[in-house]
Amino acid sequence: MATYLDVHPENPQPRTISRVVDLLRSDGLIAYPTDSCFALGCRMGNRDGIDRIRDIRQLDSRHHFTLVCRDFAQLGQLVQINNALFRSLKAATPGSYTFILPATREVPRRLLHPKKKTVGVRIPDHPVAQALLTELGEPLVSSTLLLPDEAEPMTQGWEIKERLDHVLDAVIDSGECGTLPTTVVDFSQGEAEIVRRGAGDPSRFE
């Protein structure tokens, strides 16, 4: 049964954030708010949590997981970025963008695209997500909370608790989230390719 935690959207309660991070460190799987929509999240080393995300969303091996980072320093340890690309990405973060880039050796192989050896990375502009990442001290493996055969992600914490109570360890609710996932930009071939148009303005990469 998932623990339901009500968190202030602008000033997250430190005690509650610590409680969530304890769950994450114990290999828990959470649903949490971001600047685009609700996401599923667990630690990079949580093999069971990653499998549970795959099961919930019915994802195949080609799915790009996203590593949600606290800041650019953390992001830079996970993906390969040249100087020109650094400036472009830095100007767009934090924000509702996911960038697909070649991964470094810091990223477990099971999180990589099997052929391209790439991974998605992003820095959210949301106080609750940032509080979790700061307290945890490492990235979260994340995926948009979009259930199979549904057109839009769920927007209400209570609904997530109701429907996924048996497969999650915690639901963090800080009010209604949006329904637009991040804009996904693939830089793995050197040039920007917009894979998905979402909450982030894609025009800066066109």
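Start at Thr-34. Thr-34 is buried, because its relative accessible area is 5% and buried means under 20% (1.4 Å probe, protein chains only). This is a predicted model: local features need pLDDT of at least 70, side-chain atom pairs need 80 or more, and totals for chains, interfaces and linings use all residues. Residues are numbered from 1 along each chain as its sequence is written, and side-chain values use heavy atoms, without hydrogens or water.

Where does Thr-34 sit? In the loop between strand 2 (30–32) and strand 3 (39–43). Strands are DSSP runs of E, at least two residues; helices are runs of H or I, at least four; both are numbered from the N terminus.

What does Thr-34 touch? Beyond neighbours within four places in sequence, Thr-34 is in contact with Ala-39, Arg-122, His-126 and Cys-177. Contact means heavy atoms within 4.5 Å. The side chain of Thr-34 also reaches the backbone oxygen of Cys-37, at 2.7 Å. A polar atom of that side chain lies 3.1 Å from the backbone nitrogen of Ser-36.

Now two helices. Helix 1 (residues 14–25) packs on helix 5 (residues 127–136) at about 60°, axes 9 Å apart. Axes are lines fitted to C-alpha atoms over the stretch in contact, and angles run from 0 to 180 degrees between N-to-C directions. Helix 1 brings Ile-17, Ser-18, Val-20, Val-21, Leu-24 and Arg-25 to the contact; helix 5 brings Val-128, Ala-131, Leu-132, Glu-135 and Leu-136.

Last, the wider stretch. Over residues 14–200 the chain is 29% helix and 21% strand. The end C-alpha atoms are 29 Å apart.

How values were computed
Buried < 20%, exposed > 50% of the residue type's maximum accessible area, 1.4 Å probe, protein only. Polar contact = N/O pair within 3.5 Å; in protein donor to acceptor, adjacent residues only side chain to side chain.
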